[in-house]
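Okay, everyone, thanks for coming.

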Amino acid sequence: MKQIKIDPITRLEGHGKIDIFLNDDGEVANTYFQIPELRGFEQFCVGRPVEEMPRITTRICGVCPEAHHMASAKACDAVYHVQPPPTGKKLRELLYNVFYAGDHTTHFYALGGPDFVVGPDAPKAQRNILGVIAKVGLEVGGKVIEMRKRTQEVIKTLGGKQTHQVTSMPGGVSKGINEEERSKIEEHCKWFVDFGKFTIQVFNDIVLKNKSYVDLILSDAYSMKIYSMGLVDEKNRVNFYDGKVRVTDPDGKEFVKYSPHEYLDVIAEHVEPWTYLKFPFLKKIGWKGLVEGKDSGIYRATPLSRLNVADGMPTPAAQEEYDRMYKTLGGKPVHATLATHWARIIELLGAAEMALDLSRDPEITGTNIRTIPTAVPTEGVGIVEAPRGTLTHHYVTDERGILKKANLIVGTTNNYAPISLSINKAARGLIKKGTVVSDGILNMIEMAFRAYDPCFGCATHSLPGQMPLVVNIRNKSGEIIEQIKR
Amino acid sequence: MSARQHTVLVLGLGNDILGDDAVGLHAARELGKEFQRKADIVEAAVSGFEIMEILEGYEKVLLIDAVVTNRHRPGTILELTKEQFRNVVAISPHYMGLPDVFLLAEKMNVEFPTEICILGMEIMPPYELREELSPDIRSALPELISKGKDVLSRWTA
């Protein structure tokens, strides 16, 4: 096969692009998946007081500002060598779990989930929440809208503002809650738990009872045996807000468990000439290319990975679903990319249960909500699980707390290599000699990365504009023989 | 969002640390100086369901946002109506866009504006963190504001 060198000038500006190179026999030789990188983060941050970061970094993503707010706050705690008091920590956790339940709701019902609920063969115009409503009933639309409204109300109460939260700061939070607020939040959380159970039932009825869907989940085109990553608590249970990062190998055995400040000992980044984005990988294993297996340093950080690395969920209903998922799919670990959708709704239920527990915690209305920092600021790392993967904020300051350096690994960046691999596998499975590449094939390839809930840069404009995905099919000379746009 | 005080809403959308993506926010802010007694003025960085919640209950909405089509020169203003979105399918794997929002509101009988005017300004893909507008967009902003004023003057006369 002729080696195609991609001129750096063709590196992507804009939305996602997939290039599929065919060999002499018309089979897939290589695939290249490119997404834009958010640039200039460090330059933007250097010179700013570090305590501003929890308020600034909410703007990095209009979909998951809460994740950046929390990771940043935790990094600031570390910079100032201070820990929030129990009430302060629990208030942050409460907000975060409520956010999680809401965010996963949007993805399951409106974004990635429709692939299953409506079906992978359905026309693209139906693969959205409207298709879900048509399939499941009008009631589900009402519930999803209500779920979003309720979660936003709680987030506004705890976060100070609905979209760009402001309450987390070094050492804790700026605002507590009184009994009246607590009681309202508890009522909302009860509703969230019921909604989580409803969602599990929807998945059960529409997806799991459909053998062709289960076969698709377990198919080789969507399977990938690589390392898994996720935060766990002191009992190795899933935790979205705090704990240590655990990595397990493709067989499910613990490979490493690290504290946030150790992340640079574990993760390195590989550079390829055809993309701006770097590929994080496990340093000790090494970068072996875009390949699977125990000898490849590639890892996944997704809802499925989080459940894979954990020994269980911290709440009962979610634990029951966790057990059922692994029993259905043949035991731990599960490497079926499309099972990420199932893992996501188990997390939705778990987050709702955790939020309810926190809303009932006797300390949640306490008045000691912040430990005032007294130490000289230096350097700190904060890690949370963003819905779409492990999120790391790393700050270095001078003795006044003014930023000198800042680094960020966002959820989707962890998954750049696995997404590329998933697309490669799907393309190889679907495009053979003589295959007519169609919109249906495009959708099947898209399903491979939609399961990751990828974040393609964080501009929040909502108007339809440039197609977010372009798929180029190229011959062995690199010439485009077919292009499909979405 | 605070309680609705008028039947007309000006909604500027954008990300204020992604350069030209903030053009909608700038336009809404300027329009607010003249129209704050006649319309609710909101600057927001939201999408999908949150947009639906903001629009609910208003009769008329002027929505201003940046747009990337790669088919126009940066600074070009596109004027769109709700009807033009009817046949556009969901475009992002990460958030719900306006077409889905409009269709969903209709399907769920949400009390939605009868008239929506969307002013979009073409920008270059905004993937670099910065707070300022580029020179091209800064010089095109007055025209965007002027078009917004035309719409609001008609609606609030």
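First, a word on naming: helices here are DSSP runs of H or I with at least four residues, strands are runs of E with at least two, and both are numbered from the N terminus. With that in hand, Pro333(A) is in the loop between helix 12 and helix 13 of chain A. Please keep in mind that this is a predicted model, where local features need pLDDT of at least 70, side-chain atom pairs count only at pLDDT 80 or more, and totals for chains, interfaces and linings use all residues. Residues are numbered from 1 along each chain as its sequence is written, while chains are lettered from A and ligands numbered from 1 in the order in which they are written.

So, back to that loop. The peptide bond going from Lys332(A) into Pro333(A) is cis, with omega near -10°. For context, most peptide bonds are trans, and most residues other than glycine have a negative phi.

Ala339(A) sits in the loop between helix 12 (316-328) and helix 13 (340-359) of chain A as well. Is Ala339(A) buried or exposed? It counts as buried, because it has 25 C-beta neighbours inside 10 Å. The cut-offs: buried is 20 or more other C-beta atoms within 10 Å of the residue's own, exposed is 12 or fewer, partly exposed is in between, and C-beta atoms are placed from the backbone. Ala339(A) touches Ile217(A), Leu304(A), Leu329(A) and Val334(A), if you leave out residues up to four places away in sequence. Touching, or being in contact, means that the C-beta atoms, placed from the backbone, lie within 7 Å. On the other hand, Glu179(A) is 160 residues away along the chain from Ala339(A), and their C-alpha atoms are separated by 40 Å.

Met169(A) is 114 residues from Arg55(A) in sequence, yet 8.7 Å away in space, C-alpha to C-alpha.

Two residues with positive phi next. His81(A), which isn't a glycine, has phi near 55°. You'll find His81(A) in the loop between helix 3 (65-79) and helix 4 (86-111) of chain A, and it counts as partly exposed because it has 16 C-beta neighbours inside 10 Å. Over in chain B, Asn109(B) also has a positive phi, near 55°. Its loop runs between helix 3 (98-107) and strand 5 (115-122) of chain B. Asn109(B) is exposed, because there are 10 other C-beta atoms within 10 Å.

Now for the domains. Chain A is assigned domain 1 (8-36 + 415-485) and domain 2 (50-372); those bounds come from an automatic or database domain assignment. Over C-alpha atoms, the two centres are 26 Å apart. How many residues of domain 1 of chain A are in contact with domain 2 of chain A? There are 30, and they meet 32 residues of domain 2. Helix 15 of chain A gives the largest share of domain 1's side, 11 residues. By class, that side has 16 nonpolar, 9 polar and 5 charged residues. Here nonpolar is Ala, Val, Leu, Ile, Met, Phe, Trp, Tyr, Cys and Pro, charged is Asp, Glu, Lys and Arg, and polar is the others, Gly among them.

Helix 15 of chain A packs with helix 16 of chain A at about 150°, and their axes are 8 Å apart. That angle makes the two helices roughly antiparallel. Axes are lines fitted to C-alpha atoms, for helices over the stretch in contact, and angles run from 0 to 180 degrees between N-to-C directions. Under 35 degrees counts as roughly parallel, over 145 as roughly antiparallel, 65 to 115 as roughly perpendicular, and the rest as oblique. The residues in that contact are 10 nonpolar, 1 polar and no charged.

Last stop, across the chains. Helix 6 (residues 129-136) of chain A packs with helix 3 of chain B at about 30°, with axes 9 Å apart. That makes the pair roughly parallel. Ile129(A), Leu130(A) and Ile133(A) meet Asp100(B), Leu103(B), Leu104(B) and Lys107(B) there.

Terms used. Contact = placed C-beta atoms within 7 Å.
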